[in-house]
Amino acid sequence: MTNQTRIAVIGAGIVGCSCALWLQKKGFAVTLIDPEDPGSGTSSGNACTIAEYGCVPVNSPDLFRRLPSLLFSSESPLSLDPAYVLSHPAWMIEFLLNCREKKVARIIRLLGKLLTKVYDGLDPLLDMADARDLLTQQGFMHVYVNQQEFDAVKRVNQARREQGSTFVELDRGDIRDLEPNLKIPFERGLLFDSISHVLNPLMLCQRYVECFKRNQGELLRHRALEINHGAGAVQIRLDNGETVDAERVVIAAGAFSKSIAGIPTQLLKLDTERGYHVQFNNMQHLLKRPVSWHHAGFYATPTNQGMRFAGTVEIAGIHKEKNPRIINYLNRKAHEMLELPQQPDQEWLGFRPTCPDALPVIGYSTTSEYILYAFGHHHLGLTLSGITGKLIAELANGEEPSHNITPFSPRRFL
Ligand SMILES: Cc1cc2nc3c(=O)[nH]c(=O)nc-3n(C[C@H](O)[C@H](O)[C@H](O)COP(=O)(O)OP(=O)(O)OC[C@H]3O[C@@H](n4cnc5c(N)ncnc54)[C@H](O)[C@@H]3O)c2cc1C
């Protein structure tokens with residue numbers, strides 16, 4: 001394969017943009033395909049953290065016990081649309097099977113190892129795209145209203161420690177000293193001092209794409225409808241009737257990855273955990289660092305635009321409108337936490353791409369040596385974007401991947 005090999009990347013979210021830049025770094029000619037503004041989807045509205053501590057999945061052995069209160073309380077960050085779940089039972093059944101103790105322990109180990117490589121993938125892209133100013137290392141805090149809440153996640157925090165996360169425990173006084181504007185007297189907390197966050201994830205994608213274009217990258221503002229693969233090449237049919245020929249294609253369309261025709265059926269294991277944010281512009285001075293109110297299921301993150309309250313999980317597919325109950329919930333909790341104007345400036349819904357085993361899909365398709373997958377990063381897509389791009393570029397270049405990707409192969413769904 002010469003360096004003039006053309007690779008198409010479908011999807012210009014943070015994962016697709018990272019793949020595109022890493023492929024250029026390896027010398028490939030790259031075409032990036034997306035009908036929307038790069039980064040404007042799920043990658044724009046997240047909680048902005050480079051969550052190296054994020055090895056513990058939503059899947060949990062005690063979810064069964066907590067499920068009734070999580071589903072039926074008006075104060076719950078989790079919601080399910082029963083009609084959606086009943087008409088798409090396979091994902092939910094597999095998700096629940098992956099809540100067994102042994103399965104969760106395996107997920108934690110695999111994510112923990114991958115998370116140690118985050119900056120191997122991210123640092124070169126920040127330098128290449130001249131985007132270091134968008135990352136700030138202010139640490140990150142989890143807060144708990146009382147000792148009981150804190151004790152309830154002891155095992156989770158122990159698992160984080162075992163995977164190499166470093167953090168210190170905080171009492172009420174420490175929390176007040178670190179974040180004096182918090183209105184609630186949180187009794188316990190954790191401080192992860194070394195964690196960074198992105199000041200504006202949309203801007204980060206935009207910087208990546210500017211760099212991509214400077215490197216002669218081709219950006220096509222169309223939807224990919226279908227992939228056909230034959231001897232030595234793929235052909236991608238776009239929504240304007242045109243086709244793109246390439247030697248390889250990387251599918252990085254997030255939660256929408258399975259909607260492209262010609263993709264093998266194992267992708268049907270992908271669904272979405274919808275997540276929301278409300279944002280209050282120009283209020284970022286209220287916190288120094290992202291603070292997660294653990295049991296309320298969201299992060300308050302100071303961005304370069306304002307204070308963003310991002311999180312919650314809703315299982316309701318990709319088509320339903322925003323759920324006003326969840327927007328109201330976030331808005332109410334935001335006001336309990338900080339002194340804010342009455343109405344947020346932004347109410348946002350995003351679609352985390354999630355497989356039931358909480359692992360991303362990184363690797364070659366099981367049916368074609370021309371199709372690579374890079375999606376399914378659920379709560380960690382921003383964090384894992386750089387390392388995913390690096391691994392995809394190594395695979396495309398015929399190199400031994402620098403991290404074992406066998407557990408992330410789509411083969412696991414066969
Ligand atoms: C509330 C919330 C908080 C979060 N907080 C964090 C956090 O703090 N840290 C973290 O690491 N992660 C976080 N995440 C997760 C992270 O945002 C996602 O995992 C990540 O954005 C997924 O990126 P992506 O590029 O795979 O998908 P997307 O951003 O969804 O991008 C996919 C792109 O594909 C395009 N596309 C779709 N179909 C087609 C098609 N047929 N043809 C061409 N293009 C197509 C779309 O237009 C879109 O631009 C959070 C998510 C949410 C919802």
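Which residue in E15 is the bridge partner of Met141? I looked that up before anything else. The partner is Val291. I note that the model is predicted.

**Entry: strand E5**

E5 pairs with strand E7, residues 188-192, in the antiparallel sense. I find five bridges between E5 and E7. With strand E15, residues 291-293, the sense is parallel. Three bridges join E5 to E15.

Next I asked which way the side chains of E5 point. Met141 and Val143 point one way. Phe140, His142 and Tyr144 point the other way. Both sets are buried.

Is E5 enclosed or open? I checked burial along residues 140-144, and five of the five are buried. I therefore record strand E5 as largely enclosed by the rest of the structure.

**Entry: the ligand shell**

I moved to the ligand. How many residues surround the ligand? I get 44. The closest are Gly11, Gly13, Gly254, Gly275 and Gly381.

E18 gives the largest share, four residues.

I sorted the shell by class. There are 22 nonpolar residues, 18 polar and four charged.

Which domains supply the shell? Domain 1 (6-43 + 202-267 + 358-413) gives at least three residues. Domain 2 (59-98 + 133-197 + 270-354) also gives at least three.

**Entry: the whole chain**

Last, I stepped back to the protein chain. I count twelve helices and 20 strands in its secondary structure.

The C-alpha trace spans about 65 × 45 × 40 Å along its principal axes. What share of the 414 residues counts as buried? I have 48%.

I also looked at contacts between residues at least 6 apart in sequence. Of these, 77% join residues at least 24 apart.

Note on methods. Residues numbered from 1 in each chain as written. Predicted model: local features only at pLDDT ≥ 70, side-chain atom pairs only at ≥ 80, totals over all residues. Near = placed C-beta within 6 Å. Helix = DSSP H or I, 4+ residues; strand = E, 2+ residues; numbered from the N terminus. Nonpolar A, V, L, I, M, F, W, Y, C, P; charged D, E, K, R; others polar. Domains from an automatic or database assignment. Buried ≥ 20, exposed ≤ 12 C-beta atoms within 10 Å, placed from the backbone. Contact = placed C-beta atoms within 7 Å. Pairing = 2+ DSSP bridges.
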